[in-house]
Amino acid sequence: MAQIEFKNVTKEYEDFIALKEVTIFIEKGEFVFIVGPSGAGKSTLIKMLIRDEQPTSGEVVFEDKNVLDIPREDLCNLRRRIGVVFQDFKLLDSKTVFENVAVATEVVDCPKEEIDAVVPNVLNMVGLLDKRDKYPVQLSGGEKQRLSIARALAHEPDVLIADEPTGMIDPVASDEVMIVLERINEMGTTVVMATHDEVVVNKMKKRVIRMKNGSIVSDKKKGKYDEQSDE
Amino acid sequence: MSNLMNSMLANLKRERLLVITNIVVMSISFLVLGIFTSVIFLSQSMLKYLENQAQLMVFFKDEFVEEKILKYKTELEKDERVLSISYVSKEDAFNIFTEANKDEPILLESLSSDILPASLEIRTKDVRDLAPMAESISKAEGVEEVKFFEDVIDRFRSISLVVHIVGFVLVGLLLLVSYSIVLATLRMTISAKGKELEIQRLVGASDAFIKRPLLVQGIFFGIASALVSSIVLITVSFILSSSGLYSNLNVPFIPGAKTSLGVFSLFDSLLILISGGVLGYFGSLSAVKRYLKI
């Protein structure tokens with residue numbers, strides 16, 4: 001049984017169709033790239049996993065549970081099991097590196113002792129422990145993205161979804177971010193990353209699902225960015 | 001809990017000027033609410049006093065002797081509408097008159113007790129029974145004249161009604177203003193914290209977690225403003241009471257109970273504090289529902 005299932009998912013807006021009958025199965029522990037040009041439907045697809053978007057038709061299943069059937073008050077539990085990393089980092093400029101990560105633990109009313117133990121641990125994992133008292137404005141692009149990853153890891157999620165995490169950083173910083181994501185994946189966390197960064201995809205040699213105009217055009221294990229054929 | 005308080009204090013610190021302005025405006029609203037409640041209380045108390053004082057004075061013809069008057073009194077006492085009846089004999093009336101005019105000896109010299117009529121002073125349980133009773137008593141045998149001050153009570157009741165209506169409308173409007181202030185302030189807070197709230201939601205905050213500090217902030221606005229206006233109201237009321245004015249007032253709806261404006265202001269302040277808390281809670285709840293979509 002796949003950990004994540006998109007079954008015949010369609011998303012229609014008033015003036016265009018973002019996703020057309022998309023079906024994807026992702027196993028636990030996989031590292032999957034969803035690639036394609038802007039407007040291909042990548043972001044819409046991964047937002048559906050945390051129900052930040054809802055499909056017009058079809059099903060989004062996470063660990064045997066239809067995400068659409070989860071009551072609103074239980075949605076927070078789903079979001080604690082799926083960490084999210086954004087292209088624009090979504091960091092709080094008025095909070096330090098430590099506090100930005102702590103936000104994720106505070107929302108579940110973690111006791112202070114637990115926060116003090118968990119936050120340095122995840123900061124160490126992404127190589128930012130020495131910058132714990134800095135503010136986001138004092139960090140480079142790559143460091144900001146690693147901080148965003150650290151925050152997503154604070155709940156020890158089963159799945160990490162990353163929406164264009166290398167979109168706003170230079171190639172060196174991109175490599176650092178990808179090393180962190182690979183390490184997280186090796187520890188057993190499923191990683192789903194939407195990107196149109198060809199270099200990153202080709203270097204990683206992971207499963208690549210290619211999308212265009214809201215449809216899947218290829219799905220290849222150890223694929224490359226521009227491959228067309230299905231496997 | 002400490003996280004909640006820290007979050008609220010941080011918000012208040014960040015929007016210091018806005019917080020002060022809102023609390024001042026809301027305090028004025030609550031103060032007006034308190035003043036009008038006090039005015040309503042005073043007018044009710046005054047009305048009660050006037051009603052207590054209201055009585056029929058039945059004057060009898062000289063030929064209608066005391067024995068007959070007392071017999072008529074016994075008859076009247078059987079009437080369920082009657083609260084009390086006291087007999088004022090010619091002598092009693094003369095004594096009262098003498099006491100009232102003791103500074104005018106020339107006037108008193110020319111008078112004797114015979115000149116003043118004997119009378120019955122009748123109080124009814126309900127002031128509205130005075131008129132029909134006066135009507136029937138005036139037709140009774142031996143009755144010379146029936147007097148009561150119906151107009152004064154009616155006029156005061158009309159004024160009191162106007163004060164009530166104007167007061168309630170004004171209080172309603174000011175509560176609406178306070179409600180709108182809570183709503184607008186929370187809207188600004190939500191808008192200023194938009195990114196933080198979005199991040200909290202995405203990292204798994206429950207709706208309750210996001211709502212809690214905003215609700216607490218709304219309640220804080222309500223109670224802080226109510227507290228400021230209560231302090232002003234209590235201080236002014238106790239100053240007025242200590243001067244002897246408004247210190248022995250009838251309590252409306254509680255027969256025989258007396259209080260001072262100062263003590264009433266304590267009760268009034270409790271009412272204002274509860275109103276402040278309730279208004280703050282519902283104002284912020286409405287803002288959260290409207291602007292946060294949760």
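A residue is called buried if 20 or more other C-beta atoms lie within 10 Å of its own, exposed if 12 or fewer, and partly exposed in between, with C-beta atoms placed from the backbone. The model you have open is predicted: local features need pLDDT of at least 70, side-chain atom pairs count only at pLDDT 80 or more, and totals for chains, interfaces and linings use all residues. Residues are numbered from 1 along each chain as its sequence is written, and chains are lettered from A, ligands numbered from 1, in the order in which they are written.

Start by selecting A:Arg51, in the loop between helix 1 (42-49) and strand 4 of chain A; helices (H or I, at least four residues) and strands (E, at least two) are DSSP runs numbered from the N terminus. Because A:Arg51 has 18 C-beta neighbours inside 10 Å, it counts as partly exposed. Its phi is near 55°, positive although the residue is not glycine.

Next, pick A:Phe89, in the loop between strand 6 (82-85) and helix 3 of chain A. Here too phi is positive in a non-glycine residue, near 65°. With 22 C-beta neighbours inside 10 Å, A:Phe89 is buried.

Now show the open sheet of four strands in chain A, ordered 2-1-4-5 with antiparallel pairing (a pair needs at least two DSSP bridges). Strand 2 (17-26) and strand 5 (65-66) are at the edges with a single partner strand each, so one side of each lacks a neighbour in the sheet. Two bridges link strand 4 (residues 57-62) to strand 5, and A:Val61 stands opposite A:Asn66.
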